[in-house]
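Good morning, everyone, and thank you for making time for this.

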Amino acid sequence: MTAYVHVNLRIKDPARQAVLAPRFQAALQAAGGRILHFGPVSQVLEGDVAPLPMAGIFEFRTLADALAFYNSSEYAPIKAERDLAQEARMFIVDAN
């Protein structure tokens with residue numbers, strides 16, 4: 001069943017982010033994922049915690065595929081560098 005990786009982030013270093021973005025997209029596609037949305041948060045509907053300004057939703061065929069991407073050797077160096085480029089919250093939703 002389909003799984004979705006959600007990310008909420010603030011870009012701290014646009015130059016580093018610009019270098020990471022194509023590498024992230026290549027790793028995502030290599031793992032069978034696809035970008036459904038990436039852009040600014042439009043509006044807060046509920047809740048007391050303000051979201052970070054950007055959001056992304058990435059689709060995978062299965063939860064196992066999403067986890068394989070997150071734990072992959074292709075994504076590992078991106079994770080290691082990401083903290084310099086952005087502040088992020090990330091989670092997976094299993095659509096079972």
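This is a predicted model: local features need pLDDT of at least 70, side-chain atom pairs count only at pLDDT 80 or more; totals for chains, interfaces and linings use all residues.

Let me start with the largest pocket, which holds about 240 Å³ of space. It is lined by 15 residues, and those closest to its centre are Gln17, Phe24, Phe38, Phe58 and Gln86.

Which elements supply the lining of the largest pocket? At least two residues each come from strand 1 (3-11), helix 1 (14-30), strand 2 (34-40), helix 3 (76-85) and strand 4 (86-94). Among these contributors, helix 1 provides the largest share of the lining, with five residues.

Turning now to the surface, you can find a nonpolar patch formed by Leu63, Leu67 and Ile92, which together have about 200 Å² of accessible area. Leu63 belongs to helix 2, which covers residues 63-70, and Leu63 counts as partly exposed because its relative accessible area is 30%, a value between the limits of 20% and 50%.

Lastly, I would point you to Met90, which sits in strand 4. Is Met90 buried or partly exposed? Its relative accessibility is 31%, and therefore Met90 is classed as partly exposed. Along the chain Met90 is 75 residues away from Ala15, and the C-alpha atoms of the two are 21 Å apart.

How values were computed:
Residues are numbered from 1 along each chain as its sequence is written. Side-chain values use heavy atoms; hydrogens and water are left out. On a 1 Å grid over the protein atoms alone, a cavity is a set of points where a 1.4 Å probe fits but cannot get out, and a pocket is an open set with protein on both sides within 12 Å along at least five of seven lines; lining residues have an atom within 4 Å of a point. Grid points are joined across faces, edges and corners, and a volume is the space filled by probe spheres set on the points. Helices (H or I, at least four residues) and strands (E, at least two) are DSSP runs, numbered from the N terminus. Patches are made of residues with over 30% relative accessible area and no salt bridge: like charges are joined within 9 Å, nonpolar side chains (Val, Leu, Ile, Met, Phe, Trp, Tyr) within 5 Å. Accessible areas come from the Shrake-Rupley method with a 1.4 Å probe; for residues, only the protein chains shown count as cover. A salt bridge is a side-chain nitrogen of Lys or Arg within 4 Å of a carboxyl oxygen of Asp or Glu. Buried means under 20% relative accessible area, exposed over 50%, partly exposed in between (1.4 Å probe, protein chains only).
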